[in-house]
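Here are my notes on this one, point by point. Have the structure open while you read.

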Amino acid sequence: MPSGLYPPPSEDAPWLNAWNPASWRGKPIKQVPEYPDAARLVSVETRLKTYPPLVFAGEARNLMAGLAQVAEGRAFLLQGGDCAESFAEFHPDNIRDTFRVILQMAVVLAFAGAMPVVKVGRIAGQFAKAPLGRHGDEGRCDAALLSGDNINSIEFRCGRPCT
């Protein structure tokens, strides 16, 4: 592991001292759905804990090293992907095509800039979004509704005609 990427816990970085897998629950969150069935939520979280990680430790360390190069001006950062996704469009062909575009862009950027490119894909994780407008001040029918396929249908529905 490269030196300097993972500082040990210290008074200079108190957030490192307090981190644990559930520490996010103590942070202020404005864009999170409410789950009225607490027992069901615990059941789902318990099941998810048994699954393998989406990103492995070695991949995370490689990304940290690449981002360090970006921060030092020795590499470019290229991030690509959708802002919001639909389960209807979640298909291996779409993922392959997104990877292809990102890789093609990286080749051009690396050639033109004569530097390595750190590639980050936003893929298969944007199935839920915050209330419309992200601040709860937009929407239809005088309502702000969490959107996204895994919370509600992709269409905004409030149950009455909009004026």
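1. Before the fold pattern, a word on terms: helices (H or I, at least four residues) and strands (E, at least two) are DSSP runs, numbered from the N terminus. Keep in mind that this is a predicted model. On that basis the protein has 4 helices and 4 strands, and going along the sequence they come in the pattern α-α-α-β-α-β-β-β.

2. On burial and surface: of the 163 residues, 15% are buried. The protein exposes about 12700 Å², with carbon and sulfur atoms supplying 59% of that area.

3. For contact range, take the contacts between residues at least 6 apart in sequence: 56% of these join residues at least 24 apart.

4. Salt bridges next; the count comes to 4. One of them pairs Arg74 with Glu72, at 2.4 Å from N to O. Arg74 is partly exposed, at 44% relative accessible area.

5. Helix H4 (residues 92–113) deserves a look, since Asp93 and Arg96 both lie in it, 3 residues apart, or about one turn. These two form a salt bridge with the closest N and O atoms 3.2 Å apart. Asp93 has a relative accessible area of 35% and Arg96 one of 40%.

6. What separates Arg100 and Asp97 in helix H4? They sit 3 residues apart, about one helical turn, and form a salt bridge with a closest N and O separation of 3.8 Å. Both count as partly exposed, Arg100 at 45% and Asp97 at 32%.

7. Put together, Asp93, Arg96, Asp97 and Arg100 are linked in a network of salt bridges.

Methods: Residues are numbered from 1 along each chain as its sequence is written. This is a predicted model: local features need pLDDT of at least 70, side-chain atom pairs count only at pLDDT 80 or more; totals for chains, interfaces and linings use all residues. Side-chain values use heavy atoms; hydrogens and water are left out. Buried means under 20% relative accessible area, exposed over 50%, partly exposed in between (1.4 Å probe, protein chains only). Contact means heavy atoms within 4.5 Å. Accessible areas come from the Shrake-Rupley method with a 1.4 Å probe; for residues, only the protein chains shown count as cover. A salt bridge is a side-chain nitrogen of Lys or Arg within 4 Å of a carboxyl oxygen of Asp or Glu.
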